[in-house]
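The sequence and structure come first.

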Amino acid sequence: MSIRRILTVDNAADLAVLKQVSAPVEGGVTDALRALMDDMLETMYAAPGIGLAAVQVGDPRQIIVMDLGDRAGAEEGDETGQRNPRYIINPEILWASDEMASYEEGCLSVPEVFDDVERPAQVKIRYLNYAGDTVEQEADGLFAVCIQHEMDHLKGVLFIDHLSRLKRERAIKSVKKAARAA
Ligand code: K2U
Ligand code: ZN
């Protein structure tokens with residue numbers, strides 16, 4: 001397993017890749033695909049993050065890894081750090097609630113920027129899992145926020161694209177400034 005570079009918006013070539021629409025995975029879940037997902041998960045844990053889309057490591061295919069640990073449902077501070085990886089391939093949203101929820105989001109491709117984004121509070125998704133089986137699952141809370149954030153990545157959409165033009169431009173400017181200072 002290896003840690004891959006995470007593309008960031010301060011780099012024009014990276015941004016061009018991040019804006020791509022990811023292609024569906026063809027030919028099922030192979031050992032090569034599982035090796036990529038293992039690398040993605042290692043990269044995500046090292047960042048650290050709780051989700052990662054393949055396009056963020058330069059592979060524009062519909063692949064997401066996620067690990068909410070036991071945040072989903074655990075009381076604040078009761079997390080045990082237990083790992084609970086999820087592998088999500090070719091996801092589709094089957095249903096989204098009318099009820100909306102706001103969450104302060106961040107993104108590993110937009111470092112050090114956080115802002116509130118409103119999304120449907122619950123979604124129902126269908127996807128292929130690590131074994132290549134089709135799964136249908138309902139998501140709420142942090143799982144719903146994260147899966148919608150990651151599925152935006154598969155459409156070439158970043159969370160800052162949901163903000164005002166001014167906030168988006170300021171976000172990219174701050175990431176570029178931080179990159180120059182680094
Ligand atoms: O796509 C990414 O960059 C991964 C995000 C996923 C995420 C964004 C917003 C809300 C939830 C998840 C990163 O994991 S952001 C880092 C993070 C870490 C812990 C909790 C929330 C966000
Ligand atoms: Zn992101």
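At 5% relative accessibility, D14 counts as buried, where buried means under 20% relative accessible area, exposed over 50% and partly exposed in between, computed with a 1.4 Å probe on protein chains only. The side chain of D14 meets that of R5 in a salt bridge, at 2.8 Å from N to O. A salt bridge here is a side-chain nitrogen of Lys or Arg within 4 Å of a carboxyl oxygen of Asp or Glu. R5 is exposed, with a relative accessible area of 53%.

## Basis of the model

This is a predicted model, in which local features need pLDDT of at least 70 and side-chain atom pairs count only at pLDDT 80 or more, while totals for chains, interfaces and linings use all residues. Residues are numbered from 1 along each chain as its sequence is written, chains are lettered from A and ligands numbered from 1 in the order in which they are written, and side-chain values use heavy atoms, with hydrogens and water left out.

Helices (H or I, at least four residues) and strands (E, at least two) are DSSP runs, numbered from the N terminus. Both C107 and H153 are buried.

## Other salt bridges

The structure holds 14 salt bridges. One of them joins the side chains of D161 and K19 at 2.9 Å, N to O. This pair links distant parts of the chain, 142 residues apart: D161 is in the loop between α3 and α4 (165–181), and K19 in the loop between α1 (12–18) and α2 (31–46). D161 is partly exposed at 27% relative accessibility, and K19 is partly exposed at 35%.

R126 and E92 also meet through their side chains, at 3.5 Å from N to O. R126 lies in strand β6 (residues 123–128) and E92 in strand β3 (residues 85–96), so the pair ties together parts 34 residues apart in sequence. Both belong to a network of salt bridges that links E92, K124, R126 and E136.
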